[in-house]
Amino acid sequence: MSVVNIHEKFQLFTDLWSPKKIGELNGQQILLAKIKGEFVFHKHNNEDELFMVKKGVLEMHLRDEIVTINEGEFYIVPKGVEHKPVAKEEVHILLFEPLTTKHTGDVVADITVETYEEI
């Protein structure tokens, strides 16, 4: 393993809502994604999911509230909680989640990614 420069990794892709794997540790995957617009409401029954904002402002829509996550902050969505990420402008995020976590959880949508590209 070598040092990973997150800023440089973000420069390697432009596609939205398509996480890229940059590492694994202890059964967890580290992903980067660029997002803009609205995702779909979904949940992960058995996995928590960490969203860290590296650039921009992310709104995490839950069924009963909206959580705002600013640059340099992170938010953990507990397992079983329905959530929908929303980005009014392009947002760059880092995600930590178990290897078993499915992209859109219990929902299959046009934006569902089955296998993450490694960069």
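This is a predicted model: local features need pLDDT of at least 70, side-chain atom pairs count only at pLDDT 80 or more; totals for chains, interfaces and linings use all residues.
Biologist: Is Trp17 buried or exposed?
Modeller: The relative accessibility of Trp17 is 12%. Buried means under 20%. Trp17 therefore counts as buried.

Biologist: What is the phi of Trp17?
Modeller: Trp17 is a residue other than glycine. Even so, its phi is positive. The value for Trp17 is near 60°.

Biologist: Which loop holds Asn26, and what is its phi?
Modeller: Asn26 sits in the loop between β1 and β2 (28-38). Asn26 is not a glycine, yet its phi is positive. The angle is about 50°.

Biologist: Is Asn26 buried or exposed?
Modeller: Asn26 has 77% relative accessibility. The cut-off for exposed is over 50%. So Asn26 counts as exposed.

Biologist: Why is strand β7 largely enclosed by the rest of the structure?
Modeller: Strand β7 covers residues 83-98, which makes 16 residues. It is largely enclosed because the buried ones among these number 12.

Biologist: How many bridges join β2 to β7, and which residue stands opposite Lys34?
Modeller: The strands β2 and β7 run antiparallel. They are joined by 10 bridges.

Biologist: Which residue in β7 is the bridge partner of Leu50?
Modeller: Strand β3 (residues 49-55) also runs antiparallel to β7. Five bridges join β3 to β7. The partner of Leu50 in β7 is Phe96.

Biologist: How many bridges pair β4 with β7, and which residue is the partner of His61?
Modeller: Strand β4 (residues 58-62) pairs with β7 in the antiparallel sense. That pairing extends over four bridges. The bridge partner of His61 in β7 is Lys84.

Biologist: Where does His42 lie, and is it buried or exposed?
Modeller: His42 lies in the loop between β2 and β3. Its relative accessible area is 1%. With buried set at under 20%, His42 is buried.

Biologist: Which backbone oxygen does the side chain of His42 reach?
Modeller: The side chain of His42 makes a polar contact with a backbone oxygen. The distance is 2.9 Å. The cut-off for such a contact is within 3.5 Å. The oxygen belongs to Val40.

Notes: Residues are numbered from 1 along each chain as its sequence is written. Side-chain values use heavy atoms; hydrogens and water are left out. Buried means under 20% relative accessible area, exposed over 50%, partly exposed in between (1.4 Å probe, protein chains only). Helices (H or I, at least four residues) and strands (E, at least two) are DSSP runs, numbered from the N terminus. Two strands pair if DSSP finds at least two bridges between them. A polar contact is a pair of N or O atoms within 3.5 Å; within protein, one must be able to donate a hydrogen and the other to accept it, and residues adjacent in sequence count only if both atoms are side-chain atoms.
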